[in-house]
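Trainee: I would like to learn how to read a pocket and a sheet in a model such as this one. Could you take me through them in turn?

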Amino acid sequence: MRDLYEVLGVKRDASAEAIKRAYRKLAKELHPDLNPGKAGLEARFKEVTAAYGILSDADKRARYDRGEIDATGAETAERRFYRTYAGGEAGRKYQEAGAPFDDLGDVFADLFGGAGSGRRGGLRMRGGDVSYDLSVGLREAALGAKRRVTMPDGRTLDVAIPAGIDDGQTLRLAGQGRPGLGGGEPGDALVRVSVTPDPVFRRDGDNLRVTVRVTLPEAVQGARVAVPTIEGSVTLTVPKGSNTGTVLRLKGKGVKDRRTGTRGDQFVVLQVVLPEQPDAELAAFVERWGRDHPYTVKRTETQR
């Protein structure tokens, strides 16, 4: 994967707001729903989304800048054991003797007061856990997916992302961590999932919300319009006399509830859009119509 800053087209000292703007611009240009039939954009969209997942998180961005994690979010080196033991008496002893530091049985013999390693019939220890940060898009989180990741020790694992996973949840892959000592059981792999924002959909629990623009004739006369969902485009009926803010529901088009197996709904918020260029005929008609059909509106609404 390329440098994450290069992927988003920003400088390394870019502000968080600049990174967010760059992501939104690219996501709208590359989103599959907004570019039907354009091959090759989906992979680029996923690359941009993954880059934003790391650079939008202050802690992950700092770790990436320091070289502690790579462009996929995986740790680039394992220093935990060295930091814990290399500075102690046992670590100095083995460094001075030139002994390889992977001779863990002898090192632990010193650390635990002369207790023998597993091969001497003494110590059995469970292996340590390994952690991995994985960024996924809202579609993957909502529908479920499989991703192949490279763990800190170089092994590749196929991770099944369950449908309906929430941002910040951790998947535990039993037995996929570091090997145990003296016949001890291996540790686990802990995969923390971050769900990146989507340029089209907004998640609200198990429901999704999307804003769809309609023309003035479509709003006044009613129409059938194409609406994006996480599974593809569907046709929705816009009732006659619809207004900006009118909310329509697509039942069962939301996110799957992991506990019940049912899916939430998708709510479509209509936005009436006038022609981009002023239209003299439309202006004259509205002026005549307004004189004959005066009405008032509430200028503000209570924010919820």
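Mentor: We begin with a term: helices, of at least four residues, and strands, of at least two, are DSSP runs that are numbered from the N terminus. Please keep in mind that this is a predicted model.

Trainee: How much space lies in the largest pocket, and which residues are the closest to its centre?

Mentor: Rolling a probe the size of a water molecule over the atoms shows where empty space is left. Here the largest pocket holds about 720 Å³ of space, and among the 21 residues that line this pocket, Leu216, Val220, Asn243, Val272 and Tyr295 are the closest to its centre.

Trainee: Which helix gives the most to that lining, and how do the residues of the lining divide?

Mentor: Helix H9 (216–221) and helix H10 (280–292) each supply at least two residues of the lining, and H9 gives the most, with five residues. By residue class, the lining of the largest pocket comprises 12 nonpolar, six polar and three charged residues.

Trainee: In what order do the strands of the open sheet run?

Mentor: Strands of a sheet pair through backbone hydrogen bonds, either parallel or antiparallel. In this open sheet the four strands follow the order S6-S7-S11-S10 with mixed pairing, and strand S6 (202–204) and strand S10 (247–250) are the edge strands, each pairing on one side only. From one strand to the next, the twist averages 35°.

Trainee: In which sense do S10 and strand S11 pair?

Mentor: S10 and strand S11 (residues 266–273) pair in the antiparallel sense over four bridges, and Leu250 stands opposite Gln266 in S11.

Trainee: What pLDDT does the protein average?

Mentor: The protein averages a pLDDT of 81, and 80% of the residues score at least 70, whereas over residues 78–121 the pLDDT is below 50.

Definitions and conventions
Residues numbered from 1 in each chain as written. Predicted model: local features only at pLDDT ≥ 70, side-chain atom pairs only at ≥ 80, totals over all residues. Heavy atoms only, no water. 1 Å grid on protein atoms, 1.4 Å probe; cavity = no way out; pocket = protein on both sides within 12 Å on 5 of 7 lines; lining within 4 Å. Points joined across faces, edges and corners; volume = space filled by probe spheres on them. Nonpolar A, V, L, I, M, F, W, Y, C, P; charged D, E, K, R; others polar. pLDDT = per-residue confidence, 0-100. Contact = heavy atoms within 4.5 Å. Pairing = 2+ DSSP bridges. Axes fitted to C-alpha atoms, helices over the stretch in contact; angles between N-to-C directions.
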